[in-house]
Amino acid sequence: MTQRTLQLNQRGRLIVLLLIALNSIYTFFSTFEKALTDCERAR
């Protein structure tokens with residue numbers, strides 16, 4: 001494996017991890033928002 005391939009691999013993995021983190025944060029917030037609106041509606 002060349003040095004360039006190794007760097008590219010690490011960067012790719014970083015991007016994937018970043019996307020997963022963003023996705024989970026987004027999912028968490030949308031779920032949280034839904035719960036809040038449900039509470040508001042229940043009143």
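Trainee: How many salt bridges are there in the whole structure?
Mentor: A search of the whole structure finds three. Keep in mind that this is a predicted model.

Trainee: OK. Which residue does Lys-34 bridge to?
Mentor: Asp-38. The closest N and O atoms of that pair are 3.5 Å apart.

Trainee: How far apart are Lys-34 and Asp-38 along the helix?
Mentor: They are four residues apart in helix α1, so about one helical turn separates them.

Trainee: Is Lys-34 buried or exposed?
Mentor: Exposed, because its relative accessible area is 52% and the cut-off for exposed is over 50%. Asp-38 is at 33%, so it counts as partly exposed.

Trainee: What else does Asp-38 meet in a salt bridge?
Mentor: Arg-41, again at 3.5 Å from N to O. Both sit in helix α1, three residues apart, about one turn of the helix. Arg-41 is exposed, with a relative accessible area of 65%.

Trainee: What do Lys-34, Asp-38 and Arg-41 make together?
Mentor: A network: salt bridges link the three.

Trainee: And what does Glu-40 pair with?
Mentor: Arg-43. The closest N and O atoms in that salt bridge are 3.5 Å apart. Arg-43 is exposed, at 79% relative accessible area.

Trainee: Why can such side chains pair at all?
Mentor: Opposite charges can pair when the charged atoms come close.

Trainee: New topic: the rings. How many aromatic pairs does the structure hold?
Mentor: Two. One is Phe-28 with Phe-29, an edge-to-face pair. Its centres are 5.8 Å apart, with 65° between the planes.

Trainee: And what about Phe-28 and Phe-32?
Mentor: That pair is stacked, because the planes are at 15° and stacked needs under 30 degrees. The ring centres lie 6.0 Å apart. Phe-28 and Phe-32 are four residues apart in helix α1, about one turn of the helix.

Trainee: What do Phe-28, Phe-29 and Phe-32 form as a set?
Mentor: One aromatic cluster.

Trainee: Are Phe-28 and Phe-29 buried or exposed?
Mentor: Both are exposed. Phe-28 has a relative accessible area of 52%. Phe-32 is partly exposed, at 46%.

Trainee: Which nonpolar residues form a patch on the surface?
Mentor: Ile-25, Phe-28, Phe-29, Phe-32 and Leu-36. Together they have about 540 Å² of accessible area.

Trainee: Let's step back to the fold. How many helices and strands are there in the protein chain?
Mentor: One helix and zero strands. Helix α1 covers residues 3-42, and Phe-32 has its place there.

Trainee: What span should α1 have, and what does the model give?
Mentor: At 1.5 Å a residue, its 40 residues should span 58 Å. The end C-alpha atoms are 59 Å apart, which agrees.

Trainee: What box do the C-alpha atoms of the chain fill?
Mentor: Roughly 60 × 10 × 5 Å, taken along the principal axes.

Trainee: How many residues of α1 are buried?
Mentor: Zero of the 40, so α1 lies largely in the open. For the protein chain, 0% of the 43 residues count as buried.

Key. Residues are numbered from 1 along each chain as its sequence is written. This is a predicted model: local features need pLDDT of at least 70, side-chain atom pairs count only at pLDDT 80 or more; totals for chains, interfaces and linings use all residues. Side-chain values use heavy atoms; hydrogens and water are left out. Patches are made of residues with over 30% relative accessible area and no salt bridge: like charges are joined within 9 Å, nonpolar side chains (Val, Leu, Ile, Met, Phe, Trp, Tyr) within 5 Å. Accessible areas come from the Shrake-Rupley method with a 1.4 Å probe; for residues, only the protein chains shown count as cover. A salt bridge is a side-chain nitrogen of Lys or Arg within 4 Å of a carboxyl oxygen of Asp or Glu. Helices (H or I, at least four residues) and strands (E, at least two) are DSSP runs, numbered from the N terminus. The expected span of a helix is 1.5 Å times one less than its number of residues. Buried means under 20% relative accessible area, exposed over 50%, partly exposed in between (1.4 Å probe, protein chains only). Rings of Phe, Tyr and Trp (its six-membered ring) pair if their centres lie within 6.5 Å; planes under 30 degrees apart count as stacked, over 60 as edge-to-face and the rest as tilted.
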